[in-house]
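Please read it alongside the sequence and the coordinates.

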Amino acid sequence: MEQKTVVLGVTGCIAAYKSCAIVREFQRAGYRVKVVMTEHATHFVDPTTFRALTHEKVAIGLFDDPSDPIHHISLAEEADLFLIAPCTANVMAKIAHGIADDLLSTAALATTAPLALAPAMNVHMYEAQATQANMALLRSRGVHFIEPDSGYLACGYVGPGRMPEPADVVAFAIGILEGKKDLAGRKVMITAGPTRERIDPVRYISNDSSGKMGFALAEAARDRGAEVTLVSGPVALENPAGVRVLKIESARELLEACREPFAESDAAIFAAAVADKRPERIADAKLKKGRDDDMLENIKLVDNPDVLATLASVKGSRVVVGFAAETNDVLDNARRKLEKKGADFIVANEVGHGKAFGTPDNEVWFVSADGEEHVPAASKRQISDAILDQVVKRLSQR
Ligand code: PMT
């Protein structure tokens, strides 16, 4: 079989030292690696190190190799995967906006191979609106992201921004290279985000769900070949490319929007954070302090439909996955939900105090009739793949 080539871009970041181990991991897995460095990256790792590791020339400047007059194009064409690890905020911004002012950004713009970025930077730079907007834009174009880990950063801050360990970066990249398509021909429905239950035209009851978990599931299922319908509450995320997205606001709208994709699905995953109750009455006009105190102080709540339980009651041969978001007694509550909701298994996660809601990563337990399985903290994308592994296993047993 022909050996595949990974073009590894290395940018100016302390995590560049990990790129040496990334080269080794790829080689161990049988891939050829060609390294392209930005000029800044050479301040962190000497190009000689990569030359010795890869036995290949290390590309840095646009005009460095007189034997190859259009070096950026030949590099772009050689790649089966173009991976930039670590990727600084600056290089990500350039790629998002088509700026090609050095060899790495020019080759990244010219490549038609899948592009994967492993962002690594200071937590505030990572969370900056500009960086997040660039990531959302690139994601919507199908660029793959290896989410940074949270932890102690070289700058002294603690938070997301650290490049994952080389083995994890390479495992993710190989998943893209080898295109695990174990959901090809399958239809998957996923719910995501919060619901909003209106009180009046300007107020509502809702929760802190950002939609990240459900969106990561949708992207992972898409990448594994599924036809995906994502039914989402109001979130600030870009719609994933290649996924049908239905937008809803309330729990009742969620149920109605799910009926058709659920009926057609092979598997359905309910990651949305759905309000259990809603105000009995929605006021036509804004309720006013003084005038409407009685209505504001005595909002009567009534039960919402349980979307998961309602649809799971007619699940047939579908694989149905529910979530359980718990602040305490996570496993006991998840076992109760497994029974009550009629899902094949429940993905239990601890929420509150900065956990799960809105975070880039999650720690979960799979709770099923067979027992419990712990999935240690990982990016929501990695958790999604672990969930889909379970779905695929169950589908193959049907
Ligand atoms: O969106 P993020 O910021 O990434 O956060 C992810 C998450 C914490 C929202 C996600 O991981 C999660 O736990 N989702 C489920 C949240 C929830 O509503 O949990 P629950 O324990 O209240 O509900 C149990 C299950 O029943 C869930 O699958 C839920 O979708 C479903 N449900 C609940 C109530 C209802 N009326 N209808 C439902 O379908």
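The side chains of Thr-229 and Arg-244 are joined by a polar contact of 3.3 Å (a polar contact being a pair of N or O atoms within 3.5 Å; within protein, one must be able to donate a hydrogen and the other to accept it, and residues adjacent in sequence count only if both atoms are side-chain atoms). Thr-229 belongs to strand β11, residues 227-232. Its relative accessibility is 10%, so Thr-229 counts as buried (buried means under 20% relative accessible area, exposed over 50%, partly exposed in between, with a 1.4 Å probe and protein chains only). Helices (H or I, at least four residues) and strands (E, at least two) are DSSP runs numbered from the N terminus.

The model is predicted: local features need pLDDT of at least 70 and side-chain atom pairs count only at pLDDT 80 or more, whereas totals for chains, interfaces and linings use all residues. Residues are numbered from 1 along each chain as its sequence is written, and side-chain values use heavy atoms, with hydrogens and water left out.

**Strand pairing**

Two strands pair if DSSP finds at least two bridges between them.

| Strands | Sense | Bridges | Opposite residues |
|---|---|---|---|
| β1 (5-10) and β3 (81-87) | parallel | four | Gly-9 and Ile-84 |
| β16 (319-326) and β17 (345-350) | parallel | six | Gly-322 and Ile-346 |
| β17 (345-350) and β18 (361-368) | antiparallel | five | Phe-345 and Ser-368 |

Strands β1 and β3 belong to an open sheet of five strands, ordered β2-β1-β3-β4-β5, with parallel pairing. At the edges stand β2 (32-37) and β5 (144-145), each with a single partner strand, so one side of each has no neighbour in the sheet.

Strands β6 and β7 form a hairpin with five residues between them, and Gly-156 in the turn has a positive phi of about 100°.

Strand β17 has partners in both β16 and β18. Five of its six residues are buried, so β17 is largely enclosed by the rest of the structure. Together with β16 and helix α13 (residues 330-341), β17 makes a right-handed β-α-β unit; a crossover is right-handed if, with the strands pointing away from the viewer, the path from the first strand over the helix to the second runs clockwise.

**Pocket and cavity**

On a 1 Å grid over the protein atoms alone, a cavity is a set of points where a 1.4 Å probe fits but cannot get out, and a pocket is an open set with protein on both sides within 12 Å along at least five of seven lines; lining residues have an atom within 4 Å of a point. Grid points are joined across faces, edges and corners, and a volume is the space filled by probe spheres set on the points.

The largest pocket holds about 810 Å³. Its lining comprises 39 residues, with Ala-272, Ala-273, Val-274, Phe-323 and Ala-325 nearest the centre. Strand β16 gives the largest share of this lining, four residues.

The whole structure contains one cavity of 30 Å³ or more.
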